[in-house]
Amino acid sequence: QKNIHLGDLPIMASGTLLRRTPLVRTLILALASIFLIISAPVAAFAGEGSYSRSGVYVGISGVYQNNIFENRLEDLLQDALSPESVSLSIEDSGGLGAVLGYRLASFFAAELQYEWVDSYSVSAGVTGFGSGKIFSLSGHTLTANTKFMLPIWRIQPYVLLGVGFSSWEADRGPLAPVIEALDPEIDFDF
């Protein structure tokens, strides 16, 4: 028995065989998107299902923040501290989120959202000075959002617009004063 996956099948158009290139995939995605956008008003006005009713909703979520700055920051420190050799390590971080909202209509909701992010630990190793923590950051964010939904089915695309406040706590590590002493232009005071 051989399993055939639809993603592996070629596409036939006008009797010719098209390869699955990024252009063909983009075209298919664009056509599918246009179809959904055109059919959305029909589905929305055909009758609101239980997934579009107004009322209070709550949610919880997990948050994962991936470090994307490690190499760039390491290069900046290396340039500032040369001829010393620097290796930098920034840990990824996780956290929790919660949302409380009220759906006013099938296409509109207002909500409050809170997120907490566990500390990022930024550590470094400097030749001749050892290694250790430079600083760590942990944060809290509270936002008020408006959500505009496309009530076409159980899965509803939406656009979110919000404003909020973010508070971050920084803790200096034992290696921060060492790096600051090597270059007076570096300052880890927050």
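The side chains of Lys 147 and Glu 111 form a salt bridge, with an N to O distance of 3.5 Å; the term covers a side-chain nitrogen of Lys or Arg within 4 Å of a carboxyl oxygen of Asp or Glu. The two residues stand 36 positions apart and connect distant parts of the chain, with Lys 147 in strand β7 and Glu 111 in strand β6. Lys 147 counts as buried because its relative accessibility is 13%, and Glu 111 counts as buried at 7%. Here buried means under 20% relative accessible area, exposed over 50%, and partly exposed in between, with a 1.4 Å probe and protein chains only. The structure holds one salt bridge.

The model is predicted, so local features need pLDDT of at least 70 and side-chain atom pairs count only at pLDDT 80 or more, whereas totals for chains, interfaces and linings use all residues. Residues are numbered from 1 along each chain as its sequence is written, and side-chain values use heavy atoms, with hydrogens and water left out.

Confidence is expressed as pLDDT, the predictor's confidence in each residue on a scale from 0 to 100. The protein chain has a mean pLDDT of 76, and 76% of its residues reach 70 or more. Where pLDDT is low, the predicted coordinates should not be read in detail.

Turning to the overall architecture, the protein chain contains three helices and eight strands. These are DSSP runs numbered from the N terminus, with helices (H or I) of at least four residues and strands (E) of at least two. Their order from the N terminus is β-β-α-β-α-β-β-β-β-β-α. Of the 190 residues, 25% count as buried. Among contacts with a separation of 6 or more, 62% are between residues 24 or more positions apart.

Strand β6 also holds Ser 121, which counts as buried because its relative accessibility is 13%. Beyond its neighbours within four places in sequence, Ser 121 is in contact with Ser 89, Ile 90, Glu 91, Lys 133, Phe 135 and Ser 136.

Next come the pockets. A pocket is an open set of points on a 1 Å grid over the protein atoms alone, where a 1.4 Å probe fits, with protein on both sides within 12 Å along at least five of seven lines; lining residues have an atom within 4 Å of a point. Of its 13 lining residues, Tyr 51, Arg 53, Tyr 57, Arg 103 and Gln 156 lie nearest the centre. Strands β3 (55-65) and β7 (130-149) are the elements giving two or more residues to this lining, and β3 gives the most, with three. The lining comprises five nonpolar, four polar and four charged residues.

The second largest pocket holds about 190 Å³. Its lining includes Asn 66, Asn 67, Phe 69, Ile 90, Tyr 120 and Phe 135, and strands β6 (108-126) and β7 each supply at least two residues. By class, this lining has eight nonpolar, two polar and no charged residues. In both tallies, Ala, Val, Leu, Ile, Met, Phe, Trp, Tyr, Cys and Pro count as nonpolar, Asp, Glu, Lys and Arg as charged, and the others, Gly among them, as polar.

Methods:
Points joined across faces, edges and corners; volume = space filled by probe spheres on them. Contact = heavy atoms within 4.5 Å.
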